[in-house]
Amino acid sequence: MEELLGGRYRLDHVAGHGGMATVFVAWDSVLERAVAIKLLHRGRDEGGVLHERFRREALTEARVVHPNVVAVHDVGLHADGRPYIVMDYVEGRPLSAILAERVLSSEEAALVGVQLARALAAAHALGIVHRDVKPANVLIDAQGSAHLTDFGLAWAGDAAEARLTAPGALIGSAAYVAPEQARSGEVSPLVDLYALGGLLYHALAGAPPFEGGGALAVALRRFDEDPPALPVRAPEVDLELAGLVQVLLARAPEARPQSAVEVAEQLGDIAARLRLQRTGGEAGGPPAAIVVAGAGAALGTAAGPAPAVPMPNRSLLPPGDVDPNPRGH
């Protein structure tokens, strides 16, 4: 008889690898559906730090119930003692894979941004700061919905998290980390908004605000420099959207918008205006295509975004293959 993980899940094949875990496409024999399972790598785990961080990731992500956040369904232990997390399985692609091929239009970027801002607002309302918002941690499903994933570095406001972080360690990704987070590890919802600004800058310009010279040099540059003006890097960008991205990337936290709810409202207004401009004022016109359609595996949820966000028309999506390499760390 075939052995099932946790007496329930059949591991079918590997979908992706990361620094801390492997992601499998699996079959839930109880609910008879495909799921994605993230299983911690074998290896040394002095003091159980990796196990504890993995457990906290599952608990934190499961608390944030939102259409644009990956849903966590179950946790357990492999027979060899390694923990695993069971999540939704859907077709789609990491945003990083899409940006490796092309930039997004202003309307596309605004649509992705409003969904992520709403996801962050839901997390922030629970006292959770993601701390690692970047294209690789955003999954776009085949309907064009964006889903925030990988809460492995999330801060939930307790002292236990500090014990899991080495003193002086850079938390977050150098290309998108907020200055105060890079300098002193300061945590607030405003670090996520800075990272969202960096993600949108990358989506529109084809590259992050700062790059080159190694991770530390990239992180340090934001202390003394502002990124190149977005309209210079992306001449076709909508100027109102470019202005919002610039404010999100303000070096001083107090100069940024002060809540993800505020950012979501602004991005929603921009997306709606751009759609009306593109369709000649027809409110019922088709929204912008965001992703390449096709069959593939990603971690995410099939649920659509909040009702006010226009959904992409799948029939408008260009043909192509889907990259089946989701995040796995």
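User: How do the axes of α3 and α6 cross?
Analyst: In this predicted model, the axes of α3 and α6 cross at roughly 165° and come within 10 Å. That makes α3 roughly antiparallel to α6. Angles over 145 degrees count as roughly antiparallel, under 35 as roughly parallel, 65 to 115 as roughly perpendicular and the rest as oblique. Axes are lines fitted to C-alpha atoms, for helices over the stretch in contact, and the angles run from 0 to 180 degrees between N-to-C directions.

User: Where do the labels and values come from?
Analyst: Residues are numbered from 1 along each chain as its sequence is written, and side-chain values use heavy atoms, with hydrogens and water left out. As a predicted model, it has local features only at pLDDT of at least 70 and side-chain atom pairs only at pLDDT 80 or more, while totals for chains, interfaces and linings use all residues. Helices (H or I, at least four residues) and strands (E, at least two) are DSSP runs, numbered from the N terminus.

User: Back to the pair. Which residues of α3 and α6 meet?
Analyst: From α3 they are S106, A109, G113, L116, A117, L120 and H124, and from α6 they are P189, D192, L196, L199, L200 and L204. Contact means heavy atoms within 4.5 Å. By class, this contact of α3 with α6 has 9 nonpolar, 3 polar and 1 charged residues. Ala, Val, Leu, Ile, Met, Phe, Trp, Tyr, Cys and Pro count as nonpolar, Asp, Glu, Lys and Arg as charged, and the others, Gly among them, as polar.

User: Is the crossing of α3 and α6 left-handed or right-handed?
Analyst: α3 passes α6 in a right-handed crossing.

User: At what angle do α6 and α9 pack?
Analyst: The angle between helix α6 (residues 189-205) and helix α9 (residues 239-248) is about 140°, and their axes are 8 Å apart. That makes α6 oblique to α9. On the α6 side the contact is made by L193, Y194, G197, L200, Y201 and L204, and on the α9 side by L241, V245 and L248. These residues divide into 8 nonpolar, 1 polar and no charged.

User: Which residues of α9 are buried?
Analyst: L241, A242, L244, V245 and L248 are the buried residues of α9. They cover an arc of only 160° around the axis, which puts them on the same side of α9. The arc is that of the directions from the helix axis to the C-beta atoms. Buried means under 20% relative accessible area, exposed over 50% and partly exposed in between (1.4 Å probe, protein chains only).

User: What covers them, and what is on the other face?
Analyst: The cover includes α3, α6, α8 (230-233) and α10. The face of α9 turned away from its buried side carries the exposed residues L239 and Q246.

User: Different topic. What is the phi of E32?
Analyst: E32 is not a glycine, yet has a positive phi of about 55°. Most residues other than glycine have a negative phi. E32 lies in the loop between β2 (21-28) and β3 (33-40), and is exposed, with a relative accessible area of 59%.

User: And D150, buried or exposed?
Analyst: D150 counts as buried, at 4% relative accessibility. D150 also has a positive phi, about 60°, although it is not a glycine. Its place is the loop between β8 (146-148) and α4 (159-163).

User: Last one: where is H51, and what is H51 in contact with?
Analyst: H51 is in helix α1 (residues 49-63). Leaving aside neighbours within four places in sequence, H51 is in contact with L40, D45, G81, R82 and P83. H51 and P83 are 32 residues apart in sequence and 6.8 Å apart in space, C-alpha to C-alpha.

Notes. A crossing is left-handed if the near helix is turned anticlockwise from the far one by less than a right angle, and right-handed if clockwise.
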